[in-house]
Amino acid sequence: MNEKFTSLPLEFLIRLEQIVPAAFLAEVPRSFEIEKATSFRVNSLLANAVEAYSELRHAGLDVSNCIWCEVAGTIPGAQKRLLSEHSSVRSGRVYIQGLSSMLAGLVLDPQPGEAVLDLAAAPGGKTLHLAAMMRKQGQLSAVEPVRNRFFKLRDNLSCYGADDFVRLYQTDGRGVGRKTPERFDAVLLDAPCTSESRFKCRAPESWQYWGQRKITESARKQKALLRSAIDAARIGGRILYCTCSFAPEENEFVVAQTLRRLEGQVRLLPIELPVPNAQSGLLEWGGKSLPEEISLVRRVLPTEKMDGFFLALLEKVDTTTKDRNRKGP
């Protein structure tokens, strides 16, 4: 193992080598050391993308358009402060957001007129993306239990022009499905996790609480949140489960155990991502095998422009129809 990466926990690097395909093993560790490009999304609730790009370039920012998201772009990481201080950000017309997190909205694909739930919403980047994709038509609800994060979410929605559309709830997402069963056409669960994709070699505080115990604790909470998300979805509704962790215990295993416990009530859907740095779900980890359908989930591998990310898209199944078909005439 290259010594310049040993500032990260050795156990994490060993696990990473078992997760990442050989073709990416050089680039992935390097992504934790370099200064990545800064990405942003033009807030279509308040701004026009072409005009926003032009304004940023006029201010001296070296903007590169994202080829798979027409309202997204990147600038060199060294220009992040210049962007964050630009009037377009302060006025809510441009939102600084990771490219990987933008995939969540694209995969869930909320439609105008739908009832949509963001079950772990703060600080609000994905909520704002959903609101923009829905063109503020339909119903969008956002949940955040932690007080200071809830107020950060509220402030962001206000700044970026979505506070008159999004219904906010300060409550534990694990109880939402029980309180609002089968109400939503689409549910986004960007679950609290160990945030492994945000580790930085030069920032030991980014992994100071990381370890197997933290992974186990996160997975326990994630399973409860995913069950709540599924309960809150209507029959035929879509549920997107995502994390910014690499750990299979927080990703493939959470999904596989949920599918087993809710057998016949929910199924995985295929995901087509517009990026080359993605891999199918692992089918074996720690000596344990996973069902073949887990290959449908996707793990986005980090690059010089993107952070690591995990996505699993599920659909709630009409079990009454299946029961009728099983009984026959």
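Me: Is E252 buried or exposed in this one?
Reply: E252 is buried, with a relative accessible area of 0%, where buried means under 20%, exposed over 50% and partly exposed in between, using a 1.4 Å probe and protein chains only. This is a predicted model, in which local features need pLDDT of at least 70 and side-chain atom pairs count only at pLDDT 80 or more, while totals for chains, interfaces and linings use all residues. Residues are numbered from 1 along each chain as its sequence is written, and side-chain values use heavy atoms, leaving out hydrogens and water.

Me: ok, and which residues does E252 touch?
Reply: Leaving aside residues up to four places away in sequence, E252 touches G281, L282, L290, I294, V297, R299 and F310, a contact being heavy atoms within 4.5 Å.

Me: which helix is E252 in?
Reply: E252 lies in helix α11, residues 252–261; helices (H or I, at least four residues) and strands (E, at least two) are DSSP runs numbered from the N terminus.

Me: switching topic, in what sense do β6 and β7 pair?
Reply: Strand β6 (residues 139–143) and strand β7 (residues 166–169) pair in the parallel sense over four bridges, and pairing requires that DSSP finds at least two bridges between the strands.

Me: what stands opposite V143 there?
Reply: That is Y169, in β7.
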